[in-house]
Amino acid sequence: MTFYEQTPAPKPTTILDPPVSRPSDAPSTTQTPIPIHNPPTTDNTTSNDPPTTTTTTPKPFPLPTLRLENRHLTHPASPLFFTSINPATVLSDSLQNVLRLLYHTPSSHNFTPPPTRSITLILRDMDGVAYTTGTDLDHDHKEIHFNLNHISNVASHPSPTNPARVRDEIVGVITHELVHCYQWDAKHTCPGGLIEGIADWVRLNCDLSPPHWKKEVDGAWDRGYQHTAYFLQYLEDIFGNGTVRRLNEHLRHHKYHEDSFWEEQFGLGVEELYEGYVQHHKEEERKKKKTQDDL
């Protein structure tokens, strides 16, 4: 995309373990065609959002005008794109999932998304995978530029364990870029690593993570993309459903100051939170290895 006090709590001495396990992602009768990870609110979370049930279809969010533009009809990936997905359905369903993860429901107390008025998905031959930008005339009209070559590259490496790999990659990239159309950025001060991490966190919770994603804890917390996404999911597990949603809401009101941003939300600095994530991951890996050794 175009990149566009409170007293600190003492440093924890133990690994922060999630109070509950992540629930199954099995589809339900009310689920949209694109799956979404939607865990129940845990006891250690407070929210002003109205409760939801699994027996009724959630009220849809109002959507902007959605457009599609293909700038290379004869590219080999063009027919592949249209045979893999229905663009109208995927764009609207993916955007509903993005808004539900970032804002819960249209009647939520904190439902104040950016004033995005239209989104145009542009298929073209370019470098990279995709990026999102505002138009020259009006930043509230967004353009998602998607590289057709990336679709061709994915199709050239078929996965025998996932015959829908091309479809999943197309929907995953679109979902990631749609987040950039609707997330807050701390008045243009939010670090790029957190911006990209939130976008991939949404992709992760829509069950659209590609096969090469894995948890790697050797680098910094703000490497972005899936690296930061898994860290954010750890925080969601620890502090309860809606944690990332609250971070996004905080980024609407305030400029980003690392010393205060994380402590105001969690009572700990980001490095302390990340150290807890690293310890937790290493402990999980140790348990996994012991289980494998015992078999």
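Me: Is Tyr-103 buried or exposed?
Reply: This is a predicted model. Tyr-103 has a relative accessibility of 2%. The cut-off for buried is under 20%. Tyr-103 therefore counts as buried.

Me: What geometry does the aromatic pair of Tyr-103 and Phe-111 have?
Reply: The centres of Tyr-103 and Phe-111 lie 5.9 Å apart, with 80° between the planes. Planes over 60 degrees apart take one class. The pair is edge-to-face.

Me: How are the rings of Phe-231 and Trp-262 arranged?
Reply: Their centres are 6.3 Å apart and their planes stand at 40°. Stacked needs under 30 degrees, edge-to-face over 60. The Phe-231 and Trp-262 pair is therefore tilted.

Me: How many residues apart in sequence are the parts that Phe-231 and Trp-262 tie together?
Reply: Phe-231 lies in helix H6, residues 225-239. Trp-262 lies in helix H8, residues 258-266. Both Phe-231 and Trp-262 are buried. The parts their pair ties together are apart in sequence by 31 residues.

Me: Which strands stand at the edges of the open sheet?
Reply: The sheet has four strands in the order E1-E2-E4-E3, with mixed pairing. Each edge strand has a single partner strand, so one side of each is left without a neighbour in the sheet. The edges are strand E1 (65-70) and strand E3 (130-134).

Me: How many bridges join strand E2 to strand E4?
Reply: E2 covers residues 118-124 and E4 residues 141-147. The two strands run parallel. Leu-121 stands opposite Ile-144 in E4. The bridges joining E2 to E4 number seven.

Me: What angle does the direction of H4 make with that of E4?
Reply: Helix H3 packs on the sheet, touching E1, E2 and E4, and its direction makes about 40° with that of E4. H4 packs on the sheet too, touching E2, E3 and E4. For H4 the angle with E4 is about 155°.

Terms used
Residues numbered from 1 in each chain as written. Predicted model: local features only at pLDDT ≥ 70, side-chain atom pairs only at ≥ 80, totals over all residues. Heavy atoms only, no water. Phe/Tyr/Trp six-rings, centres within 6.5 Å; stacked < 30°, edge-to-face > 60°. Buried < 20%, exposed > 50% of the residue type's maximum accessible area, 1.4 Å probe, protein only. Pairing = 2+ DSSP bridges. Contact = heavy atoms within 4.5 Å. Axes fitted to C-alpha atoms, helices over the stretch in contact; angles between N-to-C directions.
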